[in-house]
Amino acid sequence: MAHEVFSPEWLGQWAALINSDESLPERAPAGVWRIYVRAEGDGVSPYVPAGETMHLILQLEDGRCTRLERTAAAPGPRELDFRFSGPARIFEEVTAGLRDPVDAGLTGEIKIAGDMAFLLRNAELVKEIVDLYVGRLETDWPRGRPPYGDGA
């Protein structure tokens, strides 16, 4: 069943997809891995209004998703391992399969902060986790699906 992009139900289905991958715990780094996503309302996205920010927390523990939710505010820097930030439109284009997340990071459209050596060592795994929601998660776009307008 499709749920609205970034809704609690959609995030729950993404977490379930991550946890359905039986081989992930064997390939994932041991321990807790905390990721913060900051999607900034850019005046283009109908899901994150201009001037607002969507905060998402993804936590993996030994390859299992133990937390994936929207939060009211950003966590403190000591509470996370990686931070991905950028315009909401870019995250929505990644979700819709229109933009490659690695390319968006390399071009600076999505800014990345954290242990880059660790991220590079595990880049394939990170891409696989993103590909789960791009390729297998049914997403409802009730307010419109990217690309929006002229893509500005």
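Is tyrosine 36 buried or exposed, and what is its relative accessible area? Tyrosine 36 is buried, with a relative accessible area of 0% (buried means under 20% relative accessible area with a 1.4 Å probe, protein chains only).

A word on the model: it is predicted, with local features needing pLDDT of at least 70 and side-chain atom pairs counting only at pLDDT 80 or more, while totals for chains, interfaces and linings use all residues. Residues are numbered from 1 along each chain as its sequence is written, and side-chain values use heavy atoms, leaving out hydrogens and water.

Tyrosine 36 sits in strand E2 (helices, H or I, of at least four residues and strands, E, of at least two are DSSP runs, numbered from the N terminus). Its side chain joins that of histidine 55 through a polar contact of 2.6 Å (a pair of N or O atoms within 3.5 Å; within protein, one must be able to donate a hydrogen and the other to accept it, and residues adjacent in sequence count only if both atoms are side-chain atoms).

Now to helix H3, residues 88-95: eight of its eight residues are buried, so the helix is largely enclosed by the rest of the structure. These buried residues pack against the elements below (contact means heavy atoms within 4.5 Å).

| Element | Residues |
|---|---|
| Helix H1 | 8-20 |
| Strand E2 | 32-40 |
| Strand E5 | 82-87 |
| Helix H4 | 101-106 |
| Helix H6 | 123-135 |
| Strand E7 | 139-140 |

After H3 comes glycine 97, with a positive phi near 80°. Phenylalanine 91, one of the buried residues of H3, is 55 residues from tyrosine 36 in sequence and 13 Å from it in space, C-alpha to C-alpha.

Technical notes:
Buried < 20%, exposed > 50% of the residue type's maximum accessible area, 1.4 Å probe, protein only.
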